[in-house]
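This report describes how two protein chains meet. Look at the sequence and the structure below before reading on.

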There are 2 protein chains.
Amino acid sequence: MTNEALEQRLLKHQIKPTAMRMLVLNHLNKTSAAISLKALYDDFYPADRITLYRTLKIFEEKGLVHSIDDGSGAPKFALCEAACDVKEHNDSHIHFHCEKCNKTYCLQKFDIPDIHLPKRFIQKEVNLLVNGICDQCAA
Amino acid sequence: MTNEALEQRLLKHQIKPTAMRMLVLNHLNKTSAAISLKALYDDFYPADRITLYRTLKIFEEKGLVHSIDDGSGAPKFALCEAACDVKEHNDSHIHFHCEKCNKTYCLQKFDIPDIHLPKRFIQKEVNLLVNGICDQCAA
DNA sequence: AAAGGCTTGCAATGGTATTGCATTTTAAGC
DNA sequence: GCTTAAAATGCAATACCATTGCAAGCCTTT
């Protein structure tokens, strides 16, 4: 992804494109798995941890990434689908956590099936986390 | 639930029935919503927090309760279905978190629908968390 | 060049999970 | 019942992660 493309993507989400933010966005864009703050920190060492924290925070707030809680203790982050924006997240896909390699993937193509709830329960948002073994590790 | 019944239930799960454990089990049994360690601590004050922590821990390990991560930051705990035991958890139901009252319920009667995964992904365990408004709060 | 606003970096705080260890309680054998 | 071993409890301490406060730096606008 070119610098211009990165910049455009940030601007589209009303995020001021700083160097740090473009680096982080580029990094997120390159990897297929979701990434934790700690992992991001390791990859960007010796960049400041708090800055990375706030970078992810604002990305999330502006609908550029969504956070995934895969039960590993710390949330992980992954780029949103194109449909997401500042006003609304729309990440209705399955999240898969591999218990072998510990990676967490957004299965963008795999929608969450319809849910049946008891009478008078109102559904707003659904999180579906599947634990198991990913294709790489199953090989 | 009688003391004998509580005791039997603990023994069935290979948990030594101490006073504390029976109290906690009774408490879990009385409430329909899942409970966090902190809330349990508040309810049992001035009992020791660590003891309660370890009580929940062993309950979980022995298949008497399961933990639910509803995104509130701290896991909550609820009694397992009767089918669970020391060897295997089997809590394949929807968890519902009400954003109004912040309570989290096990919808025992509402099974998780079948999931479609990409080729060669192996599914082991599924967590389905629905956020929304519960029947009480919707009224 | 000056001023204001946003970003960054460092320090500090806060909450929760977890472990170590000494003491108490429980269960078992005699 | 008494003794002893194992398990549970209570307290202190540690560790981890998220989050905030504040001062310094950067960038834009005038």
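This is a predicted model: local features need pLDDT of at least 70, side-chain atom pairs count only at pLDDT 80 or more; totals for chains, interfaces and linings use all residues.

Strand β6 of chain A, residues 122–133, is joined to β6(B) by eleven bridges, and the two strands run antiparallel. One of the pairings links A:Gly132 to B:Gln123, its bridge partner in β6(B).

How many residues of chain B are in contact with chain A? There are 31 of them, and they touch 31 residues of chain A. The size of an interface is often given as the accessible area lost when the parts come together. For chain B and chain A the buried area is about 2700 Å², and 66% of that area lies on carbon and sulfur atoms.

On the side of chain B that touches chain A, at least two residues come from each of β4 (93–98), β5 (104–111), β6 (122–133) and α5 (135–138) of chain B. The most come from β6(B), which gives twelve residues. The table sorts the residues on this side of chain B by kind.

| Kind of residue | Number on the side of chain B that touches chain A |
|---|---|
| Nonpolar | 18 residues |
| Polar | five residues |

Which residue of chain B forms a salt bridge with A:Glu99? The partner is B:Lys124, and the closest N and O atoms of the pair are 3.3 Å apart.

Definitions and conventions: Residues are numbered from 1 along each chain as its sequence is written. Chains are lettered from A and ligands numbered from 1 in the order in which they are written. Side-chain values use heavy atoms; hydrogens and water are left out. Contact means heavy atoms within 4.5 Å. Buried area is the accessible area (1.4 Å probe) that two parts lose on being put together, summed over both. A salt bridge is a side-chain nitrogen of Lys or Arg within 4 Å of a carboxyl oxygen of Asp or Glu. Helices (H or I, at least four residues) and strands (E, at least two) are DSSP runs, numbered from the N terminus. Ala, Val, Leu, Ile, Met, Phe, Trp, Tyr, Cys and Pro count as nonpolar, Asp, Glu, Lys and Arg as charged, and the others, Gly among them, as polar. Two strands pair if DSSP finds at least two bridges between them.
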